[in-house]
Amino acid sequence: MLGERDFRWFFVGYTTSLLGSSMAPVAVAFAVLGAGGGGSGLGWVMAARILPIVLVMLVGGVVADRLGSRRVMLAADVLRCGVQAVFAAVLMSGRAPLWAMVALVAVWGLGEGVFLPAFGALVPSLVRDASRLSDANTLLGLARSVATVVGPAVAGLVTAGCGPAAVLLIDAVTYGIGAVALARFRPATQGSAGEGGSLLADLREGWSEFRSRPWLWITTAHMGLFNLLVWAPFLVLGPLTAQHGLGGARGWGLVMGGYGAGAVLGGLLMLGRRPGRPLAVATVATFGWALPSAALAAGWPLVPVVGAALLAGVGAAVCGALYSTTMQSWVPVEVLARVSAFGGLGAFVLGPAGLAAAGPLADRVGAGAVLAFGALWQLGAGVVVLAVPAVRRRRW
């Protein structure tokens, strides 16, 4: 795959920007906690990142199908580069109120909201041999995984030694590198779908393609409820738990690094493999997502929590590669960005509510109870999805 020029340029730029992106959440979390925001403040800041993604993703899918994914992604990288540089400057000034952090993170999320559906539609245009699409998604997943290993661990050390502003400045530079890489190639498909039609008509066409595939909306609903009930509480309550019993920023960086290490392992296991029933295998892999929340709820020490995160990362890599390849293989390219946008919207739409509610709910019933419920939900939901014939029996 890396022998193909366009894919190589994209891979280098995407990997670099991912490294910064995986560092930034650690810095933001401890910037909020350091300013006295607590669990509720952290939840609001995290929700402020997700909410713009939800609001603009559908429009981003239409724009990507019309203008071409590369152009949209390039603009998104330039925007995110600028906002992270401003965020770093605000933190270095020593005057970073919660409202300012919420506003800056919201602009960051705006860039992500238009980037994500465009990304989903770009990858097939970079792969000449359709049979290698799974390997392309696996390599990109490996890039995400390596960034997830290196980024949080480095971010924890840099945050502890230099402060969160330094991490956000690094993130701004990596987005700039990603933009330069995107500017260096021209994919075969530049975008033209929906030209001459209205925005509403384009959205209706994308929705029709999305809802006509039961396997797609069922797995999307599964992901959306996971983000609400499992991942959002884990992201909010995990740093709080780390601050009180797992060694603070360094400990939380190791937990997230363990998740990334597992994703690297899962990606390596997936290279060259194409399971006959991809959605069934992907759904089985989601059972591992319950483990980190369960480990935190049980009050385990740092090493077992890192181990649980590692196993969850293996499942994330397997699931991500198979879901992406399935969608790119069975959805027409001219509507792929819009269908990806509906899938992404379904996955993210409940996230802000989960992030905002996790802190206050933990104050009422305890962090352990919230995390334990999420772990049990994930196991039960996986069983239900696996029982659906459209998921279990789907073959290439």
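Select residues 5-34 to see helix α1. Helices here are DSSP runs of H or I with at least four residues, numbered from the N terminus. Helix α1 has 30 residues and reaches 44 Å from its first C-alpha to its last. That is close to the expected 44 Å at 1.5 Å a residue, where the expected span is 1.5 Å times one less than the number of residues.

Step on to G36. G36 follows α1 and has a positive phi, near 85°.

A note before going on. This is a predicted model: local features need pLDDT of at least 70, side-chain atom pairs count only at pLDDT 80 or more, and totals for chains, interfaces and linings use all residues. Residues are numbered from 1 along each chain as its sequence is written, and side-chain values use heavy atoms, without hydrogens or water.

Next, select residues 214-246, helix α8, and find T220 in it. Is T220 buried or exposed? T220 counts as buried because its relative accessibility is 9%; buried means under 20% relative accessible area, exposed over 50%, partly exposed in between (1.4 Å probe, protein chains only).

Now show F210, F342, G343, G346 and A347. T220 is in contact with these residues, leaving aside its neighbours within four places in sequence. Contact means heavy atoms within 4.5 Å.

Finally, zoom out. The protein has 16 helices and zero strands. Its C-alpha trace spans about 50 × 45 × 40 Å along the principal axes. Buried residues make up 55% of the 396 residues. Of the contacts with a separation of 6 or more, 89% join residues 24 or more positions apart.

Key
Helix = DSSP H or I, 4+ residues; strand = E, 2+ residues; numbered from the N terminus.
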